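This briefing covers selected side-chain contacts, aromatic pairs and helices. Please keep the sequence and the structure at hand while reading.

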Amino acid sequence: MISFDIVGFLISWLTLFGIYSILSISLNMESGVSGITNFGKVVFYGVGAYISAAITTYLILILNGVNVAETPPYSISGIILLSQLANKAPLLNIGLLLLSLIMAFAVSGLLGYVLTYPILRVGPAFVGFTLLSSGELMRIFLLHYEPVGASKGLMAIPTPFGWIPDSRARDAAFLGMVLGFLALTYLVSDRLVNSPLGRTLKAVRDDEIAALCLGKHVPRIKATMLFIGSGFAGVAGVFLSYYLTSVNPNMFVPAVTFNVWAMIILGGFGNLKGSLLGAAIITLVDRVLTFVTPQLGVTVISPDYLRWVIVGLLIVVVLLVNPRGLLPEKPVKTPAVEEVRKVLTGEGG
């Protein structure tokens, strides 16, 4: 008889849902709302993950008097020391988490801002390919950069709640933190979309030349949007590194970016609630297949390949039925538009 831990499954699924939702909201803000074709989302995700992994592993060793020049965190002895020192100081773990979140947001956001310069050089038609190339350059660099473990990456990353003795309570606390940051990301993004800046972003998306003719500073607007979106992607990377307790370069391949694209295409381009729906569906498919396929003894088709087949079919069906996704973008509502509507419909007397 197959045993099924429903609570463990839900915690696992909702944690991945929270992480990917932050990513999909930030990508929808950039591409769905602002019209920036970002095929390099994985760059900022990976930068956030590596920043948190490096800060946490190096600082824990250094603050405990370990010479990291002789015992780096990626060595066998460093990994053993990390597992021994990880849960000795709960306040240190929480402090490192906060430091990682701040640094990941700042560095990833700054990197996104800087990458707008090649965008200006190559023009909007080649933005996606420029950012896609940046992702592969980062991965190849990490594969050969010894201070972060090169191809092996960093392991035994202490989790912020590792001091909680019960593993189920520890996972639930981490889930609560991820969902809390997801709610914060959604609220900030929703306020931004419905602000004057959000309406300017949509104007740039719909007709960039017209926006320029109206005096809008399009390069600065795009740079601001990439700073915010990339910062949130870095935060998602922090949660991933703590959740998996390890990072390596091959976790950040271009397929990660296209996975997030599938979420916003499926859920609804330009609709933040669609980002959540798309992330929920695709992460659920992923988790269900990861559990079900080994139970059925299916070895001919890997869960990874089967997952892409199902996601591809879902996208084709949704695009045939409703090309704008399951939750299409809603029209812009402003006080002026509302007054005009009342006049036209006679509601204003």
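Leaving aside its neighbours within four places in sequence, which residues is lysine 41 in contact with? In this predicted model, lysine 41 is in contact with Leu23, Ser26, Leu27, Glu30, Gly229, Ser230, Ala233 and Thr257, its neighbours within four places in sequence being left aside.

**Lysine 41**
- Lysine 41 is located in helix 2.
- With a relative accessibility of 1%, lysine 41 counts as buried, because buried means under 20% relative accessible area.
- One of its contacts, Glu30, is also a polar partner: the side chains of lysine 41 and glutamate 30 make a polar contact at 3.0 Å.

**Aromatic pairs**
- The structure contains 14 aromatic pairs.
- In the pair of tyrosine 20 and tyrosine 45, the ring centres are 6.4 Å apart and the planes stand at 55 degrees, so this pair is tilted.
- That pair links distant parts of the chain, with tyrosine 20 in helix 1 (residues 6–33) and tyrosine 45 in helix 2 (residues 41–63), 25 residues apart.
- Both tyrosines are buried: tyrosine 20 has a relative accessible area of 15%, and tyrosine 45 has one of 1%.
- Phenylalanine 39 and phenylalanine 258 have ring centres 5.7 Å apart and planes at 50 degrees, so they too form a tilted pair.
- The phenylalanine pair also links distant parts of the chain, 219 residues apart: phenylalanine 39 is in the loop between helix 1 and helix 2, and phenylalanine 258 is in helix 11 (residues 254–267).
- Phenylalanine 39 counts as partly exposed at 21% relative accessibility, and phenylalanine 258 counts as partly exposed at 36%.
- Tyr20, Tyr45, Tyr50 and Phe252 are linked into a cluster by ring pairs.

**Helix 4**
- Helix 4 runs over residues 90–114, 25 residues in total.
- From first to last C-alpha, helix 4 reaches 36 Å, close to the expected 36 Å at 1.5 Å a residue.
- The buried residues of helix 4 include Leu96, Leu97 and Leu101, along with Asn93, Ser100 and Gly112.

**Helix 6**
- Helix 6 has 17 residues, covering residues 127–143.
- Its first and last C-alpha are 25 Å apart, close to the 24 Å expected at 1.5 Å a residue.
- Among the buried residues of helix 6 are Val127, Leu131, Met138 and Leu142, as well as Thr130, Ser134 and Arg139.

Notes
Residues numbered from 1 in each chain as written. Predicted model: local features only at pLDDT ≥ 70, side-chain atom pairs only at ≥ 80, totals over all residues. Heavy atoms only, no water. Helix = DSSP H or I, 4+ residues; strand = E, 2+ residues; numbered from the N terminus. Expected span 1.5 Å × (residues − 1). Buried < 20%, exposed > 50% of the residue type's maximum accessible area, 1.4 Å probe, protein only. Phe/Tyr/Trp six-rings, centres within 6.5 Å; stacked < 30°, edge-to-face > 60°. Polar contact = N/O pair within 3.5 Å; in protein donor to acceptor, adjacent residues only side chain to side chain. Contact = heavy atoms within 4.5 Å.
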